[in-house]
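Here's a quick look at one helix and a handful of charged pairs. Have the model open while you read.

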Amino acid sequence: MRASVIGTGYLGATHAACLAAAGHDVVAHDVDRDRLTALAEGRLPFHEPGLAELLREGVSSGRLRFTTDVADVADAEVHFLCVGTPQRRGGRGADLDALRTAAADVARHARRECLVVGRSTVPVGTADDLAEILEAEARVPVSLAWNPEFLREGRAVADSQHPDRLVLGVRDDASYAVLTEVYARWVRQGTTVVRTDLRTAELAKVSANVMLAARISVVNVLGEVCERSGADIDDLVRILGADPRIGTDVLDPGLGYGGSCLPKDTRAFVARAGELGVESAALLHQVDLVNMRQRSRTVDLVRGLWGEHRRVAVLGIAFKPGSDDVRDSPALDVATTLQHLGAQVRVHDPRALPSAARVADGLGYAATVEEACSDADVVAVLTAWEDYAGLDPVALREGVASPVVVDARTCLDADKWRAAGWSFHGLGRSACAS
């Protein structure tokens with residue numbers, strides 16, 4: 001099938017490559033010529049395992065090409081809108097300008113009957129607006145569907161090729177037939193397919209993110225209670241995780257969530273719910289406040305430990321392990337706040353140092369953990385990379401000024417570090433255990 005992908009950011013580049021790998025002829029459009037040149041050569045502006053290889057395979061097979069001219073997508077049978085929907089300035093709602101522009105451009109240039117499919121994360125009701133744009137701009141019959149993505153950074157290729165569900169929001173059988181043909185390989189491999197209406201499909205991704213955000217904030221509230229009461233958060237999490245209604249996924253107390261999705265999607269959901277008159281959605285505003293409070297709690301914890309020289313080693317600056325993304329990274333926020341408060345901050349991260357240096361050039365950056373920790377008064381683990389969980393605390397102690405560690409991600413073995421002579425502190429950890 002001939003398909004176009006509009007927007008080649010994280011979502012669009014991954015979707016285009018995976019569609020081509022599934023045997024479709026794909027044209028990916030973007031206005032950034034340099035980005036397209038890099039993608040065509042398999043050079044990524046972000047870290048995503050397996051994606052560079054898929055891009056190169058798609059280009060070499062002739063099934064994937066890139067263009068800055070929207071007219072080049074005119075003959076596609078299906079168009080996927082994968083442009084960004086960032087948070088509006090001021091923090092309320094999503095900015096849909098790029099999405100509206102993309103829909104209008106596709107409609108104006110379409111030369112055949114086609115299906116336009118939204119994949120961007122949007123407030124519920126957005127499809128109604130886009131349908132009006134398509135009807136006003138198109139000179140051929142154009143239908144609209146919604147097919148939300150559920151990609152996790154660091155696992156996007158796997159999530160695309162082996163999704164746990166496909167949500168197809170459609171208005172008619174013809175649109176459903178087109179999408180099931182697009183995803184025929186996924187259907188054959190037994191992927192759960194949920195056919196629904198456009199509004200429910202619009203809600204699917206943002207609702208999943210809101211649920212995850214709430215879960216993370218709830219466990220962080222429990223962690224603070226443990227910290228203040230002397231209870232053991234590790235044991236409590238094991239107890240909760242043993243309940244099949246709760247489970248163990250995303251049940252790790254710590255610095256909280258960040259990145260380009262959960263924070264903005266939660267805020268956009270609250271804003272849209274308020275527009276709809278859903279007063280109880282104020283609960284989710286508290287979810288956001290709890291999450292942001294984890295950052296200030298971490299700053300306060302480090303400040304109370306850093307001593308006269310205020311030399312802080314930060315291990316991990318990406319918003320999550322497996323990614324080089326520092327957008328709304330709790331770790332970067334804490335590091336820059338500590339710097340503004342007068343600390344000498346030296347950062348290590350296995351992947352995200354170049355990304356961080358582009359937006360926070362005042363921090364010090366180290367190529368190795370040992371370099372970051374040299375003469376440090378406090379070592380703060382702010383991203384849960386496996387590299388840090390496997391550190392040897394005995395060897396690391398030799399290079400620091402003071403053996404003081406703050407585990408803001410509950411990823412270190414507290415007993416092991418204490419046995420090695422470290423003063424161990426962490427969010428959710430009782431002060432009396434230090």
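What follows covers the opening helix and then the salt bridges.

This is a predicted model, so local features need pLDDT of at least 70 and side-chain atom pairs count only at pLDDT 80 or more, while totals for chains, interfaces and linings use all residues. Residues are numbered from 1 along each chain as its sequence is written, and side-chain values use heavy atoms, with hydrogens and water left out.

Start with helix 1, residues 10-21; helices here are DSSP runs (H or I, at least four residues), numbered from the N terminus. Gly23, with a positive phi near 105°, follows helix 1.

On to the charges: the whole structure has 30 salt bridges (a side-chain nitrogen of Lys or Arg within 4 Å of a carboxyl oxygen of Asp or Glu).

| Pair | N to O distance |
|---|---|
| Asp129 and Arg100 | 2.5 Å |
| Glu224 and Arg293 | 2.3 Å |
| Arg238 and Asp235 | 2.1 Å |

Glu224 is in helix 9 and Arg293 in helix 12, so their bridge ties together parts 69 residues apart in sequence. Glu224 is buried at 13%, whereas Arg293 is partly exposed at 38%. Arg238 and Asp235 share helix 10, three residues apart. Asp129 and Arg100 also belong to a salt-bridge network with Arg88, Asp95 and Asp97.

Key. Helices (H or I, at least four residues) and strands (E, at least two) are DSSP runs, numbered from the N terminus. The expected span of a helix is 1.5 Å times one less than its number of residues. Buried means under 20% relative accessible area, exposed over 50%, partly exposed in between (1.4 Å probe, protein chains only).
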